[in-house]
Each structure stands twice: as structure tokens, then as C-alpha cells.
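Trainee: Could you walk me through reading a model like this one? I would like the general idea each time, and then the case at hand.

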Amino acid sequence: MLTQVAEGVLVHQSEFCQSNAVVVHGGAGVLLIDPGVLGSEMASLADDLRELGQPVVAGFSTHPHWDHLLWHAQLGAAPRYGTARCAATAGNQLSDPRAKARIAEQFIPPDIAGRVPLDLLGLITGLPAETAQIPWDGPAVRIIEHQAHAPGHAALLIEERGVLVAGDMLSDVLIPMLDLNGAADPIEDYLAALRLLEGAAGDVEVLVPGHGSIGGAGQARARIEQDRAYLHGLRDAHVSSDPRVGPSAAYDWVPGVHARQLQRLAARSEGDGTPG
Ligand SMILES: [Zn+2]
């Protein structure tokens, strides 16, 4: 079920929202980034890795949203990491005993409800702030932390393999989705994150977004440009010609997300008295 995208880097794409789980081969096993969504898919992934004689030796969640915080018992008990801010955010949410029920009700689509195992949701360890690389025995995986989309979001750069794992950014099917709850200036946070990724993307030959198609050489830059153009449109409240929200949108709910972002940004700027 795994597709190789670069030497020692493999991806499994879920039927749910084209979610990409990433496997990186190391010295004694694999690093598993954003393991997947459906229980059956994670169990098959665990089977495949067992057959390959490759135990999971470390996990990583790119950001504290439910679809990136899942795990399956068959994947084993390796340490699961995220940035300190990601882990703190996930821990806060899950300290509410009703959190999982609420996630199941509000966020998991009815067609996959019951197929998403929530028992091991969010059990991640925060890496101390300023940690530059994931601690594991394998190719260096650089942590690029920023505040776009969700608190403590990390993109991961596997430089020697030319791979950028972008988390929920740089998707060809989803628009930039802002963190409109916590951030003081969500558009600027997102633009700042794109600048960080642009600085890192120089030699990237393979782009793996959290959802959507894998990009080849040049795609990281192209998608950075596309996301930036979308954000400029959002900021200036002009109608976006972005294909991800147009008639050929891959998901029919994405135009609704776009409309809500426009509305909420307008409400915010009215609230603080800033014109426009
Ligand atoms: Zn996601």
C-alpha cells in the first residue's frame, strides 16, 4: 500500500481527503509522519511494515488537528512527537473528557464515523522549543515550525532526500485554512510561514502535502505562489480565481470554507475598527 516518492521515503494516501501518511526509512526502523485516518488503513500499514521487517521507531504529528494525531495499536509503542506547542495544544483539548465525543460529532464525517480509532488520539510528546531535528536514527529531518493553520504546526525537511513534508499547507486540493481562533493576525502568520517554506524549498524535489497530490520538482515553489496569491486575495477581499474553490474544486465543501474565511476576516476587521 506504500508508494515510494524518494529514496527511503514512502507515502500512503488515505481515501479520506487524500491524507498522506509518510514513512521514512532509518537505521533500525521507520519514522511515521501523520500515520493516517482510517483504522483499517493504519492496520494495513502496520502489517506491511512488519512484513518488511521495519518497526516504527518514531512517530510525528505535524499539527494538532484530529486527522494528524491518530495512531493504531498495531503500529507499536514508539515515541510520538510534535512541537512543544502542538503537544500542548493537543493535550489541552484532550484534557476535556468530552473532547473525543465532540471530535467524533463535529469533525469526523458521518461516512467514516466508526472507522476512525480515537483511543490513541493525540498521545504525543512535545519536543523542546527550538529543537532543530526529530531525534531518531535516520536521515536528518529538520523541523520548520510556524504558526499558520494551527498552533505549533511543523513542516519537515528531509534535505538529503530532497523531500518537504508540508503538513496542511501547499495542497493542490485545499486552500490555505487559517487559524482564526487563536491568532492575532492569521493571514500574516500564514504569509510568514510561506516565506519560511520558500527559504527551505530550494532543493526540494518532492513535496508531500498533508492532503492532495504529491508534487515533483518545482511544485513546492508553484504551490507557495498559489497559496500566497490566495491569501493576498483574501486579505484584499477580492474574488479569488483559485481553482481549489472554483467549479472544478476537488471537494465541494472547500468553497464554503473560503466563504467563511472571508466572512470571519471581515467581522474581525470591523471589530477592531480597521477599515477594509
Ligand atoms: Zn489535515
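This is a predicted model: local features need pLDDT of at least 70, side-chain atom pairs count only at pLDDT 80 or more; totals for chains, interfaces and linings use all residues.

Trainee: Which residues of helix 1 are buried?

Mentor: Start with a general idea. An α-helix has 3.6 residues a turn, so residues three or four places apart point the same way. Buried means under 20% relative accessible area, exposed over 50%, and partly exposed in between (1.4 Å probe, protein chains only). In helix 1 the buried residues are Gly39, Glu41, Met42, Ala43, Leu45, Ala46 and Leu49. They pack against strand 2 (9-13), strand 3 (20-25), strand 4 (30-33) and strand 5 (56-60). After helix 1 comes Gly53, with a positive phi near 70°.

Trainee: What about helix 4?

Mentor: Helix 4 (186-200) has 15 residues and reaches 21 Å from its first C-alpha to its last, close to the 21 Å expected. Pro186, Ile187, Tyr190, Leu191, Ala193, Leu194, Leu197 and Ala200 are buried in helix 4.

Trainee: How should I read a positive phi?

Mentor: Most residues other than glycine have a negative phi. Here His149 has a positive phi, near 70°, and Leu170 has one near 55°. His149 sits in the loop between strand 8 (142-146) and strand 9 (153-158), and its relative accessible area of 7% makes it buried. Leu170 belongs to the loop between strand 10 and helix 4; at 0% relative accessibility, Leu170 is buried too.

Trainee: What does Leu164 touch, leaving out residues up to four places away in sequence?

Mentor: Contact means heavy atoms within 4.5 Å. Leu164 touches Ile144, Ala155, Leu156, Leu157, Leu170, Val204, Val206, Leu207 and Val208 on that count. Leu164 is in strand 10 (residues 163-167) and is buried, at 0% relative accessibility. Its C-alpha is 17 Å from that of His149, which is 15 residues apart from Leu164 along the chain.

Trainee: Where is Trp66?

Mentor: Trp66 lies in the loop between strand 5 and strand 6 (80-83). At 11% relative accessibility, Trp66 is buried. Beyond residues up to four places away, Trp66 touches Phe16, Val37, Ile103, Phe107, Ile108, Pro109, Ile112, Val116 and Leu121.

Trainee: And how would you describe Val9?

Mentor: Val9 is part of strand 2 and is buried, with 0% relative accessibility. Setting aside neighbours within four places in sequence, the contacts of Val9 are Thr3, Gln4, Val22, Val23, Val24, Ile158, Arg161 and Val163. Val9 and Ile33 are 24 residues apart in sequence, with 11 Å between their C-alpha atoms.

Trainee: How many helices and strands does the chain have?

Mentor: The chain has 6 helices and 11 strands. Its radius of gyration is 18 Å, close to the 19 Å that the globule rule gives for 276 residues, so the chain is as compact as a globular protein of that length. That radius is taken over C-alpha atoms, and the globule rule is 2.2 Å times the number of residues to the power 0.38. Buried residues make up 53% of the 276 residues. Among contacts with a separation of 6 or more, 63% join residues 24 or more positions apart.

How values were computed. Residues are numbered from 1 along each chain as its sequence is written. Side-chain values use heavy atoms; hydrogens and water are left out. Helices (H or I, at least four residues) and strands (E, at least two) are DSSP runs, numbered from the N terminus. The expected span of a helix is 1.5 Å times one less than its number of residues.
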